[in-house]
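Take a look before reading on.

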Amino acid sequence: MSNQYRAHNFWELVNFGRNHRQFKLKRLISFLSIGLAVVIAIASTTLSTPAVSALQVQVSPTNPKLGDTISVVIEQEPGTFSNTPAVKLQQKTYPAFAVAPNRFRAMLPTTPLEQPGVRQFQVVAGDQVRNIAVKVSDRSFPIQRINLPPGKSGINATQYELDRVAEFKKLVTSQKYWNGPFTRPNKGRISAIYGVRRYYNGKFAKDYYHRGVDYAGGVGSPIFAPASGRVALVGTVSQGFRIHGNIVGIDHGQGVTSAFLHLSRIDVKEGDMVKPGQVIGAVGATGAVTGPHLHWGLYVHGESVDPVPWRERGFN
Ligand SMILES: [Zn+2]
């Protein structure tokens with residue numbers, strides 16, 4: 001008995017030693033690779049830009065976490081702009097929009113599905129290029145464990161609703177409709193925050209994260225537009241919005257969109273311009289839900305981002 005116990009302990013020690021060494025090695029490798037990435041970024045910035053760069057770039061927040069929206073403000077000396085700048089990141093190009101004379105801004109989404117670490121992006125304006133490195137930190141999201149009875153697959157979306165929602169999320173209007181921080185869309189308490197990850201029957205759903213914030217407002221409680229915009233999507237259960245339920249989508253401009261799901265009532269129509277605080281509909285339990293609530297999804301260039309920084313600090 002005591003021998004077995006000792007043997008057991010011995011194996012624990014061996015395994016611990018091995019795991020610990022692997023852990024240290026992994027840390028060393030990740031530390032070296034981040035260091036290398038930063039060195040490359042600094043070197044490439046130095047190499048590709050003239051001694052006096054006409055492109056000034058400000059990135060905020062300075063320490064973004066997964067789910068944050070990254071704002072890239074680009075300034076150039078007056079009279080030197082030939083083209084509207086854009087930001088390139090991992091084969092994607094994000095447009096920048098004028099926010100003041102000689103001042104442009106691009107918004108870059110990040111999501112819980114990405115790996116934390118250094119992002120290298122290029123700011124391109126005409127023939128001028130600046131390489132910027134930004135470290136995106138990890139963030140721990142709450143975990144939800146869902147157990148489904150065997151063979152129960154739930155409700156499937158219709159192709160029609162998937163197409164309509166995908167088309168809506170792709171909107172990039174050059175006009176900026178919002179102004180200042182976003183406001184609460186419903187007075188109910190928050191029942192699920194952004195980014196919750198799930199296990200289904202013990203298996204991690206690697207493509208799932210909660211793409212929005214849930215408000216536990218009662219059926220019929222008003223939903224307010226959190227910011228100005230144009231109503232660009234109105235869909236109903238009878239049209240085939242089986243998962244989303246009755247839905248309103250607001251285009252806030254410059255690639256920023258909001259979707260409001262599971263409504264009992266819709267008070268706006270496509271093309272309407274809305275102001276912050278304006279009632280757009282009421283909380284309901286339509287679509288694939290277990291109870292009445294409002295789901296608010298905020299998208300930047302089609303990716304669901306955390307609305308909290310938009311509510312607290314805002315992007316102007
Ligand atoms: Zn939700």
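The dialogue below moves from the whole model to single residues.

Q: What kind of model is this, and how are its residues numbered?
A: Welcome! This is a predicted model, in which local features need pLDDT of at least 70 and side-chain atom pairs count only at pLDDT 80 or more, while totals for chains, interfaces and linings use all residues. Residues are numbered from 1 along each chain as its sequence is written.

Q: What does pLDDT tell me, and what is the average for the protein?
A: pLDDT is the predictor's confidence in each residue, from 0 to 100. The protein has an average pLDDT of 86, and 81% of the residues score at least 70. Residues 1-23 have a pLDDT below 50, and beyond near neighbours in sequence this stretch has zero contacts in the model. Over residues 38-52 the pLDDT also stays under 50, and there the model has 11 contacts beyond four places in sequence. Where pLDDT is low, the predicted coordinates should not be read in detail.

Q: How many helices and strands does the protein have?
A: Helices (H or I, at least four residues) and strands (E, at least two) are DSSP runs, numbered from the N terminus. The protein has three helices and 20 strands.

Q: What share of the residues is buried?
A: A residue is buried if 20 or more other C-beta atoms lie within 10 Å of its own, exposed if 12 or fewer, and partly exposed in between, with C-beta atoms placed from the backbone. Of the 316 residues in the protein, 33% are buried.

Q: Which residues are buried in helix H2?
A: In H2 (residues 159-169), the buried residues are Glu161, Arg164, Val165 and Lys169. They lie on the same side of H2 because they cover an arc of only 130° around the axis, the arc being that of the directions from the helix axis to the C-beta atoms. Turned away from this buried side is a face with the exposed residues Gln159, Asp163, Ala166 and Glu167. What the buried residues of H2 pack against is strand S14 (229-235), S16 and strand S19 (294-300); a contact here means that the C-beta atoms of two residues, placed from the backbone, lie within 7 Å.

Q: How do I read strand pairing, and which strands pair with S18?
A: Two strands pair if DSSP finds at least two bridges between them. Strand S13 (residues 222-224) pairs with S18 in the antiparallel sense over three bridges, with Pro222 bridged to Ala282. Strand S16 (residues 256-266) also runs antiparallel to S18, joined by three bridges, and here Arg265 stands opposite Ala282. S18 itself (residues 279-283) is mostly covered, with four of its five residues buried.

Q: What is the strand order in the open sheet of three strands?
A: The order is S8-S10-S11, with mixed pairing. Its edge strands, S8 (143-146) and S11 (203-204), each pair on one side only. S10 (residues 197-200) and S11 run antiparallel and share two bridges, where Tyr199 is set opposite Phe204.

Q: Which backbone angles deserve a second look?
A: Most residues other than glycine have a negative phi, and most peptide bonds are trans. Gln90 has a positive phi of about 45°; Gln90 sits in the loop between strand S3 (86-89) and strand S4 (92-100). Gln90 counts as exposed because it has 8 C-beta neighbours inside 10 Å. Asn102 has a positive phi near 60° and is partly exposed, with 14 other C-beta atoms within 10 Å. A cis peptide bond, with omega about 0°, joins Ser60 and Pro61, and Pro61 is in the loop between strand S1 (55-60) and strand S2 (69-76).
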